[in-house]
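Q: Hi! Could you walk me through this one? I have it open here.

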Amino acid sequence: MDSMTLIAMTSIIIAGITTGFGTMGPALAEGKAVAAAMASLAQQPDASATLTRTLFVGLAMIESTAIYCFVVSMILIFANPFWNHVITQTAGK
Amino acid sequence: MHLSPDAVVLWSHGFVKLNATILATWGLTLVFAVGSWLITRKLAGGIRRSRWQNFLEIVITGIEGQIKGVGLAEPKKYLGFLGTLFLFVAGSALATVLPGFEPPTASLSTTAALALCVFVAVPFYGILEKGVGGYLKSYLKPTFFMLPFNVIGELSRTLALAVRLFGNMMSGAMIIAILLTITPFIFPILMTALGLLTGMVQAYIFSILAAVYIAAATKVRQAAPVPGAVQAKS
């Protein structure tokens, strides 16, 4: 198996695994955060503005880790430096 | 199918390139500037005011309320910066309704520029409130061992702001582009609606996070009340 095939294969597999595993943790954490926010809202509906705002800020923080994994997958598929290097090498030959 | 609107180059001369990101940004800025100039030409103070003026006032008072809720006591000082952030990101998400429009925030250049604006604004407002010494001393809180962590935290917060907004907007645009090639009828419309929702949420989150960072930098700790001082009033 030459290096071109190896690079392509590894990039594709790891891109899929990155998004697959990377979104499990944040999804669980966001579920717990929303559940806690619902419980607090049920207890104190007057504080709903503060609770909602804090919930959104917390969700944004949790979401960013999922976004990091997504960005790495996108880079591997669309802007892969190793693939570009190998392509220019074979094009130059 | 491209990663971001940076790849769509509409005019180039030498190294100056006009890509879809820049044109979309200019278009949005024009719409906001000309629209607000048209609305605020004749401001009415009484009961009868035009509905566009009403709309603007709802938006402004809404943003002011949110800024006050975060803990910034005088929202008018920060309204210009935070309001512009929210309106630009929200406007670029809303304008995806127009066919063929790609949001400029789907490009890492735009989101990095916005995050850099926040990165500069936080010490700017902090020094404005607390003075240079007071602001720099806040990096040594709670103990001076935390100095490297505070600095790294600042940089990673900025990076996270840029990548979060870029990732959300780019994924929305990409999913719509992919679905258009597979099932071109109903499903892309649902995805566009979802993209609208996440775009508005991300606009809110971006500006609220900027407000929270500025609030943390400008917080002047009140002196704790001395227990014996209450008796002096009576």
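A: Happy to. This is a predicted model. Let's begin with helix α2 of chain A, residues 24-43: at 1.5 Å a residue, its 20 residues should span 28 Å, and the end C-alpha atoms are 29 Å apart, so the two values agree.

Q: OK, switching to chain B. What helices and strands does chain B have?

A: Chain B has 6 helices and 2 strands. Along the sequence, the pattern reads β-β-α-α-α-α-α-α.

Q: And what size of box do the C-alpha atoms of chain B fill?

A: Roughly 75 × 55 × 40 Å, taken along the principal axes.

Q: What share of chain B is buried?

A: Of the 234 residues in chain B, 28% are buried. As for contacts in chain B with a separation of 6 or more, 65% are between residues 24 or more positions apart.

Q: Now the contact between the chains. How many residues come from chain A and from chain B?

A: Chain A puts in 15 residues and chain B puts in 13. On the chain B side, the elements giving two or more residues are α5 (147-182) and α6 (187-218).

Q: Which element gives the most on that side of chain B?

A: That would be α5(B), with 6 residues.

Q: And how do the residues on that side divide into nonpolar, polar and charged?

A: The side of chain B that touches chain A has 8 nonpolar residues, 4 polar and 1 charged.

Definitions and conventions
Residues numbered from 1 in each chain as written. Chains lettered and ligands numbered in written order. Predicted model: local features only at pLDDT ≥ 70, side-chain atom pairs only at ≥ 80, totals over all residues. Helix = DSSP H or I, 4+ residues; strand = E, 2+ residues; numbered from the N terminus. Expected span 1.5 Å × (residues − 1). Contact = placed C-beta atoms within 7 Å. Nonpolar A, V, L, I, M, F, W, Y, C, P; charged D, E, K, R; others polar. Buried ≥ 20, exposed ≤ 12 C-beta atoms within 10 Å, placed from the backbone.
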